[in-house]
Structures are given as structure tokens and as C-alpha cells.
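Please keep the structure in view while reading.

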Amino acid sequence: MWRLPFACLPAACAVLAAPVIAKPPPPVALTPSGKWSVEYATNMCVLSRMFSAGAANVQFSVKPSPNADQARLMVIETGKQLKAQSGIPEVSFSDGSRPERVQVRAVSKDGIALTAVDLPRSSLAPLDSPDGAITIRFRDAVNYRFAPGGMKSAWKALAKCERDLLKSWGMSEAEQDRLQRMPVGRPGWIRPDDYPQSLVMRDIQGSVGTVLKVGADGRVSDCRAAEPSGTELLDKRTCDLLLKRAQFEPALDHDGKPMPALVFYRVTWLLQ
């Protein structure tokens, strides 16, 4: 049995070589093969573009949260099988920046592989540059470098969809025009021990997209699951906790005064 010595003379020591860790392969560089499109759907505004490299065809989508510093990136591939897995991916931008508070969920269903990456919306700013690019790597699920291009124009098209979406939720255009700064959330409202034990035992995970009514005092007075997780208990648990604990720095109008606003806030429940 090998043991590492804790003390020895230099001439008498045998040095055990450190294990060699395989270097991950370089990311596959994908280039656009289609135009940007905006999907208008119930409770959703999604910006998408097709990319390719050789025989690989990949859809890259961005689904930002209206009035909140959250966004979900989606990498969608057909004919690819993935085991369900979650964790923290490697995400970096061409300017060298790396976003904080990043998590990922990869799944396959009906021959379609989906890798969803949640990160701050503000971290996507480097993509506005003409040569901006993002690299996403997560285990065996995805290892791509996207150079989206044309993001500034794409954001403008998306903004119209988000404006209509907020209006459908009950925030008038006049209220949206008054908004200078969206509500600022404070993390830590939902903790690991909040996970319903009955769902832990059944290995049930999910993502709940909520619409919150945040008052001029920063308190949440209403919550509904605009994008349900598919598990009613998880949806209810999410809203119950946000109504009880969530506290925002309120939205500000152009005069710097607090004002009420609607916020889309996503909570993803993962089991590691």
C-alpha cells in the first residue's frame, strides 16, 4: 500500500507524480446560419438564431426576464441524447468577463436536447460588440462558442415584445414609460432547506417563472406562476416564499421617486 511520507531526507525521497488531468477539448466555434427571430408567445419573449459548424446545427436562444436582471440562454439540438443533469457551467465572454450566479440544466426529450443556462441579464453586455462572443461548456452536454452578431438590433426587436408582454400582465405603457430603474432584488430569499421533502424523495426538479407585483416600498404584494414548473406544489411553494421573504429596492421613475412595477422572477429548483 502506497503512503505519502510526511518527513524525509531529500536524497531518500521518492516523489509521486501528480495525476494528469485531461485538458478539455476546445469549444466548437459556431457561426450564424440564419437571421434573428423574436417569438411572441404566452408569457414569453424569446430571441433565437440558428448556428452551424460542419454538420452541426444548433439553435441559440435568449429569454430575458422583463424588468429583472435575469436571463435564460438555451442551446437546442435535434438528434442528440443527454442524461438529465444540472450544475454550474463554464461561461465566458470574448472580453474575458465571466458572469456570476450561473447555473445550468440539461435534458433530452423526444429527440431534442436542451441546455438551459440561467445568468444575469446584465452580464450579456459584451455581446453587443460586433465581435462579441460567448463560450458555454458543461460536461458532455455542450461545448460551443457562439459569435451572435447583430445583437443591438435584435435587442430592439425583443424590447417591443417585452413591452407588449408587460402590458398583458397589467403594467400599462404609461407606467413602463415612467420606469427609469427596474426593481433590484436581493439574493437569498429561497434556501436549500426550503425544498419540499416530498419532491426531494421523488427527485422532482423544476423552474418556476413568476410575475411579482412590487410596490413602491419594495414589498411583493402578489405572485403568480406565469411559467409553471409542471409541479403544482413547487409553484405554490415558490410564490409562498417570495410573498413572505422577497424584498426589492423599488423601481424608480425619471424623477428618482419609488414607483410600483411588475417583475418577472425565475426560481430554479435543482437537486445536486
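A cavity is a set of grid points where a 1.4 Å probe fits but cannot get out, whereas a pocket is an open set. The structure shown is a predicted model. In this model the largest cavity holds about 50 Å³ of space, while the largest pocket holds about 1,000 Å³.

**Overall build**

- The chain contains four helices and 19 strands.
- Along the principal axes, the C-alpha atoms of the chain fill a box of roughly 80 × 45 × 40 Å.
- The chain has 272 residues, and 45% of them count as buried.
- Among contacts in the chain with a separation of 6 or more, 64% join residues 24 or more positions apart.
- The chain exposes about 15,200 Å², of which carbon and sulfur atoms supply 55%.

**The largest cavity**

- The count of cavities of 30 Å³ or more comes to one.
- The residues that line the largest cavity are Asn43, Met44, Cys45, Lys63, Pro64, Pro66, Leu165, Glu227 and Phe264.
- E3 and E4 are the elements that give two or more residues to this lining.
- By class, the lining of the largest cavity comprises six nonpolar, one polar and two charged residues.

**The largest pocket**

- The lining of the largest pocket is made up of 34 residues, and those nearest the centre of the pocket are Gln70, Gln103, Pro187, Tyr265 and Arg266.
- At least two lining residues come from each of strand E5 (71-78), strand E9 (112-119), strand E13 (184-185) and strand E19 (261-269).
- Strand E19 gives the most to this lining, with five residues.
- The lining of the largest pocket has 19 nonpolar, eight polar and seven charged residues.

**The second largest pocket**

- The volume of the second largest pocket is about 380 Å³.
- This pocket is lined by 23 residues, and Arg72, Arg105, Leu114, Ala116 and Ser207 are the closest to its centre.
- Several strands each supply at least two residues of this lining, including E3 (44-53), E4 (56-64), E8 (103-109) and E14 (206-214).
- Strand E8 provides the largest share of the lining, four residues.
- The lining of the second largest pocket divides into 10 nonpolar, eight polar and five charged residues.

**Ser65, a loop residue**

- Ser65 is placed in the loop between E4 and E5.
- Is Ser65 buried or exposed? Ser65 is buried, because its relative accessible area is 1%, and the cut-off for buried is under 20%.
- Leaving aside residues up to four places away in sequence, Ser65 touches Gln70, Ala71, Arg121, Glu162 and Phe264.

**Ser48, a strand residue**

- Ser48 lies in strand E3, a strand that also contributes to the lining of the second largest pocket.
- Ser48 counts as buried because its relative accessibility is 8%.
- With which side chain does the side chain of Ser48 make a polar contact? The partner is the side chain of Ser61, at 2.6 Å.
- Apart from residues up to four places away in sequence, Ser48 touches Lys35, Trp36, Ser37, Gln59, Phe60 and Ser61.

Key: Residues are numbered from 1 along each chain as its sequence is written. This is a predicted model: local features need pLDDT of at least 70, side-chain atom pairs count only at pLDDT 80 or more; totals for chains, interfaces and linings use all residues. Side-chain values use heavy atoms; hydrogens and water are left out. On a 1 Å grid over the protein atoms alone, a cavity is a set of points where a 1.4 Å probe fits but cannot get out, and a pocket is an open set with protein on both sides within 12 Å along at least five of seven lines; lining residues have an atom within 4 Å of a point. Grid points are joined across faces, edges and corners, and a volume is the space filled by probe spheres set on the points. Ala, Val, Leu, Ile, Met, Phe, Trp, Tyr, Cys and Pro count as nonpolar, Asp, Glu, Lys and Arg as charged, and the others, Gly among them, as polar. Buried means under 20% relative accessible area, exposed over 50%, partly exposed in between (1.4 Å probe, protein chains only). Contact means heavy atoms within 4.5 Å. Accessible areas come from the Shrake-Rupley method with a 1.4 Å probe; for residues, only the protein chains shown count as cover. A polar contact is a pair of N or O atoms within 3.5 Å; within protein, one must be able to donate a hydrogen and the other to accept it, and residues adjacent in sequence count only if both atoms are side-chain atoms.
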